[in-house]
Amino acid sequence: MTDWRYRLAQQRGTLTALAIFLVMFTIYVSNHPAGFTPNVVQTAANKGVLLALVAMAQTFVVVTAGIDLSVGMIFILASCVASYVVVGSPWQSATGVALVILTGLACGLVNGLIVVFGRLQPIVVTIATGATYFGLALWLRPNPGSTPEFNSDLADAFTGKLLGLYPASLVALAVLVLVVWIPWRRSVVGRAAYAVGSSEVAAYMSGVPIRRARLVAYILSGAFASIGGLFLTFFTYSGEASLANGNTYTLFSIAAVVLGGVSLFGGSGSAIGAIFGALAFRTIGDLLFVFDLDPLWQPLFQGVVLVLAVSLGAARLFQVRNRLDLFN
Amino acid sequence: MATENLQPVRARFQQILRRFDPAVATAFGCIVLLLLVGSLYSSNFLSPEYLLQQLKVASFLGIIATGMMVVILLGQIDLSVPWVVTTGAMMACAAASYGTAGQILAIPFGILCGVALGLMNGFGVAYLRIPSMIVTLAINAVAQGLMVVYTGGFSPRDTASGAMRFLATGTTIAGIPHALIVWAIVGILVVFLLSRTVFGRAVYAIGNRERAAYLSGVATQRIVLLAFALSGALSAFAGELLAGYASKAAQSMGDAYLLPAIAAVVLGGTSILGGRGNYLGTIAGVILITLLQSILSVMQIAEFGRQIIYGIVIIAMLLLYGRERLAR
């Protein structure tokens with residue numbers, strides 16, 4: 001194993017995100033009045049998992065050098081759908097969950113089809129489709145609420161603690177990574193997505209299935225955003241078509257992805273990094289509460305942290321040997 | 001003899017034909033179509049009063065889209081519009097509450113705040129080399145944070161100055177709204193800037209290939225910085241006009257302008273990748289978006305339906321003429 005250096009360099013973004021998260025979480029927990037208890041971890045996990053899922057959704061697309069500005073809206077739409085269909089008996093609820101994920105798949109498919117076959121820029125496409133998805137959410141839930149038969153047992157199972165210790169939402173996230181992310185990363189379409197992100201022309205010349213790779217990336221993105229929406233409904237027991245919420249999650253998902261070491265230019269990074277980026281970002285937001293500061297300062301604090309975090313990306317300027325490399 | 005005389009005429013004709021952009025023509029065609037559809041629905045749709053009213057509403061979007069267009073021509077994007085608009089409005093109103101001097105300085109002060117935020121965007125993009133999408137999102141968050149701290153989370157009590165109201169709501173003798181005249185002046189200045197100055201040439205050059213522009217001796221980083229400052233200034237100015245229109249500033253008053261501004265620029269045939277596009281197209285795009293919104297509200301379609309149709313129409317129009325050529 002003489003290539004460990006390269007393997008390490010490849011994972012640098014993910015490891016940095018992990019380090020940032022660990023530092024932030026240590027500060028958070030050590031200043032928390034209750035300390036490091038399962039309850040504190042559970043609350044933190046539940047908040048973090050929502051963003052982590054949306055950030056994963058964003059990662060699939062960003063890896064292909066695209067961007068999905070509709071993730072927040074798919075997230076909201078899925079949550080509104082879930083507040084209607086996750087009801088009754090276990091069998092009914094399972095169908096409901098499947099319906100929610102199907103909604104996300106369909107939204108992702110629409111994005112993908114327009115980007116791949118319509119040959120439009122992803123940023124414009126997803127802005128427009130995002131408006132449409134939000135319209136659908138507003139149609140479903142003009143006012144926040146849920147059906148009385150909402151299956152709160154299922155919701156509690158996913159937001160509670162497994163074996164009385166491990167936060168169930170984190171376990172679910174880990175399962176998703178193992179069952180979806182890693183197989184995708186090792187599959188042909190997964191590799192192809194990275195190739196497309198690095199250089200579309202080179203990928204085409206090498207016979208990589210670029211269309212399929214893009215399409216699958218957008219579909220998976222929609223699916224993960226909808227799973228995020230499902231969890232949102234699990235936490236709140238209700239659905240709300242909130243424009244502000246959708247925009248916030250879209251914004252934070254990009255921030256989390258960048259913190260997690262995924263390059264916005266495509267072709268590098270991992271969803272695992274994005275997860276730690278998301279958890280770190282959430283922890284930073286919560287630090288204010290631990291230090292008992294006025295919540296009014298939270299948006300500014302988060303904004304400044306965001307600016308500082310993205311400015312870290314400027315560190316690569318010190319490695320530039322040729323000024324021309326500044327202009328890619 | 002005759003053929004010799006014809007030569008320059010033919011060359012001139014070809015030059016005009018070459019300038020004739022199919023995207024702009026399609027956009028104007030869509031405007032005519034929308035007016036026809038509208039006039040079928042209501043007879044006073046083609047009345048001068050209604051059209052002038054629409055142009056007045058379009059002016060606010062038009063001024064924002066002007067700044068957005070310059071940034072998009074660079075191949076960048078400015079997602080900080082929502083809170084730069086709000087900051088401009090709130091700061092101008094705040095200044096207006098300080099006696100006569102405040103009333104006079106309100107407009108310059110608001111614009112100055114916009115310039116400051118724009119310079120931060122430009123610095124991040126040009127000198128720190130961070131993708132504009134993430135820098136402007138972060139600065140948007142900072143501006144939001146600042147305004148939340150300043151207002152305490154409520155809409156401020158300060159009202160707009162007389163000059164702001166005069167510009168936003170007044171009309172000249174012929175019934176032409178002042179706002180429209182302001183937009184026209186801004187438009188003429190920017191057209192001059194883009195087509196007759198070194199700055200404008202440089203903007204197009206950088207949008208096509210920043211490396212080549214740099215090697216040709218263009219101070220690319222300074223140009224990018226200035227372009228973002230211009231965008232910030234115009235957004236803040238539009239915010240002041242909006243505050244004048246409603247006679248006060250409000251939280252999240254700018255949220256409704258980001259997507260329409262991008263959509264207007266792109267529908268006007270400006271390439272989102274930069275380097276291509278003209279102002280005539282942006283005018284067409286702005287009027288198109290405004291008319292579309294107006295027709296949807298005249299037809300008394302509920303908010304959700306408007307969002308859905310809005311997204312679908314933008315995608316449909318882009319599919320009509322915004323498609324990229326294949327990369328290979």
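Student: How does H6(A) pass H12(B), in a left-handed or a right-handed crossing?

Tutor: H6(A) passes H12(B) in a left-handed crossing. A crossing bears that name if the near helix is turned anticlockwise from the far one by less than a right angle, and is right-handed if clockwise. Helices here are DSSP runs of H or I with at least four residues, strands are E runs of at least two, and both are numbered from the N terminus. This is a predicted model, in which local features need pLDDT of at least 70, side-chain atom pairs count only at pLDDT 80 or more, and totals for chains, interfaces and linings use all residues. Residues are numbered from 1 along each chain as its sequence is written, while chains are lettered from A and ligands numbered from 1 in the order in which they are written.

Student: What makes H6(A) oblique to H12(B)?

Tutor: The two helices pack at an angle of about 130°, with their axes 11 Å apart. Angles under 35 degrees count as roughly parallel, over 145 as roughly antiparallel, 65 to 115 as roughly perpendicular and the rest as oblique. The angle therefore makes H6(A) oblique to H12(B). Axes are lines fitted to C-alpha atoms, for helices over the stretch in contact, and angles run from 0 to 180 degrees between N-to-C directions.

Student: Which residues make the contact of H6(A) with H12(B)?

Tutor: A:Val124, A:Ile127 and A:Ala131 of H6(A) meet B:Leu259, B:Ile262 and B:Val266 of H12(B); contact requires C-beta atoms, placed from the backbone, within 7 Å. These residues divide into six nonpolar, no polar and no charged. Ala, Val, Leu, Ile, Met, Phe, Trp, Tyr, Cys and Pro count as nonpolar, Asp, Glu, Lys and Arg as charged, and the others, Gly among them, as polar.

Student: Why is H2(A) called roughly parallel to H13(A)?

Tutor: Their axes come within 8 Å and cross at roughly 25°. That angle therefore makes H2(A) roughly parallel to H13(A). The crossing of H2(A) and H13(A) is left-handed.

Student: How do you know that the span of helix H12 of chain A agrees with its number of residues?

Tutor: The expected span is 1.5 Å times one less than the number of residues. The 17 residues of H12(A), 243–259, should therefore span 24 Å, and the end C-alpha atoms are 24 Å apart, which agrees.

Student: What makes H12(A) mostly covered?

Tutor: In H12(A), 13 of the 17 residues are buried. A residue is buried if 20 or more other C-beta atoms lie within 10 Å of its own, exposed if 12 or fewer, and partly exposed in between, with C-beta atoms placed from the backbone.

Note on methods
Contact = placed C-beta atoms within 7 Å.
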